[in-house]
Amino acid sequence: MSLYRRACRTLPGGVNSPVRAFRGVGGDPVFIRAARGAYLEDEAALRYVDYIGGYGPMILGHRHPQVEEALRRALEMGTVFGAPSRAEVELAEQICAAVPSVEMVRLVNSGTEATMSALRLARAATGRSKLVKLAGCYHGHGDAFLVAAGSGAATLGVPSSPGVPRAVTSDTLTAAYNDPEAVAELFQMHGDEIAAIFVEPLAGNMGLVPPTKGYLETLRRLCDDHGALLVFDEVMTGFRVAYGGAQELLGIDPDLTTLGKIIGGGLPIGAYGGRRDLMERIAPAGPVYQAGTLSGNPLAVAAGRATLDLLADGSVYDELEATSGRLAAGLREIAAGLDVPLTVHRQGSMLGVFFTAGPVRRQEDVDGSDRDRFARVFHRLLEHGVHPPPSAYETWFVSTAHGEDEIGKTLEAWRAALEGEGV
Ligand code: PMP
């Protein structure tokens, strides 16, 4: 029996997180037994150039020696204390020093926890209950965020998953990403009831879709005009597109920021932070309750600290820019030569790869891309030793372990995968 069949007997869908099951591309998932640098190795000892990057954390590649060393040292000191520790203070200081709008931070265990907690805080601080969520952005699996994109430009949320009560999503208002008028309309209708806008400043959960010019500025202004909070979900972009995240890159300060992925160096973590006056409302400094047995876990904190130490030297981002730039240019050039309509978005080491002539500004544009072609090309890339994320809706991540060899190998595989795929 294949490992996947066996997995399906005890794990729903054979996996612990849906996208891993290859439903977006068909076929059976590849089971990974090890990873090093820019490579994944499967159960049959086949190696793949990795563009999943753990869905974001592995900006330094797998098993970076300094991260491993920090973990080894932490392991010798104990794995959970249930009491505060110096390393947590140091990670908090690193985050506050790096991310422009973050003055105080609370560590949690996942991105989902970070956004759920930030929502609670935003509601407490404003005394309001509605939130604005943008279609195509993902903020984890908290009930309030699991709303289906409406058919109109701006709509009331309906649950996108069974088990989410309508009563919960009735406070979630949705609009298309990159549609400032739709959000303005929501504020016209519900301006004094909206606690916060949640947004991925660079959307990374429908492939990479950057904000159109002035979009985030409009969201900032609408929040200010109506007394709502702007929450940047930087779980993916934090320490990825720049050391200070998308907010540093784009020069816009949100009121609250959620983080995860890179700040744990590949171990489970999340965080939310922001203005001191807001964060001081969190228990026990203030009345807004939020807690966690494993929050600030010593191993996750150690891996995160080592990772941020390495990233603090800004040259890492120049290096990632160069490698990722070569990759994006190569993908485009080969596709153009073979007459395959392709749009590649890139911001630093994040890439959105869409089989469409574009433009790609919203979720519906990604829906309209040739996802069957993506699935075919994906499987051919796998055969050629390259493992992109298994969905047209996921961002490709490049790490510092990706060098000339890996980019060259990827582009060769890409050419082979695209041959015969012309218009
Ligand atoms: N927000 C964003 C922007 C994300 O990309 C993700 C995960 N991909 C989450 C929140 C949820 O994080 P987690 O999977 O750690 O719960």
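Helices (H or I, at least four residues) and strands (E, at least two) are DSSP runs, numbered from the N terminus, and the stops below use those numbers. This is a predicted model, in which local features need pLDDT of at least 70 and side-chain atom pairs count only at pLDDT 80 or more, while totals for chains, interfaces and linings use all residues. Residues are numbered from 1 along each chain as its sequence is written, and side-chain values use heavy atoms, with hydrogens and water left out.

**The two domains.** Begin by colouring residues 3-63 together with 315-419 as domain 1 and residues 65-311 as domain 2, bounds that come from an automatic or database domain assignment. The C-alpha centres of these two domains are 25 Å apart.

**The interface.** Next, select the 28 residues of domain 1 that are in contact with 34 residues of domain 2, where contact means heavy atoms within 4.5 Å. About 2500 Å² is buried between the two domains, with carbon and sulfur atoms giving 61% of that area; buried area is the accessible area (1.4 Å probe) that two parts lose on being put together, summed over both.

Now show Glu68 and Arg63, which form a salt bridge whose closest N and O atoms are 2.4 Å apart; the term requires a side-chain nitrogen of Lys or Arg within 4 Å of a carboxyl oxygen of Asp or Glu. On the domain 1 side that touches domain 2, the elements giving two or more residues are helix 11 (315-337), strand 14 (343-347), strand 15 (350-354) and helix 12 (363-367), and strand 15 gives the most, with 4 residues.

Strands count as paired if DSSP finds at least two bridges between them, and strand 15 and strand 17 pair in the antiparallel sense over 2 bridges.

Move on to the loop between strand 15 and helix 12, where Pro359 lies, and look at the cis peptide bond that joins Gly358 and Pro359, with omega about 0 degrees. Another cis peptide bond runs from Ala283 to Pro284, with omega near 5 degrees, and Pro284 is found in the loop between helix 9 (276-279) and helix 10 (298-312). Finish at Tyr55, in the loop between strand 3 (47-50) and helix 2 (65-75), which has a positive phi of about 65 degrees although it is not a glycine.
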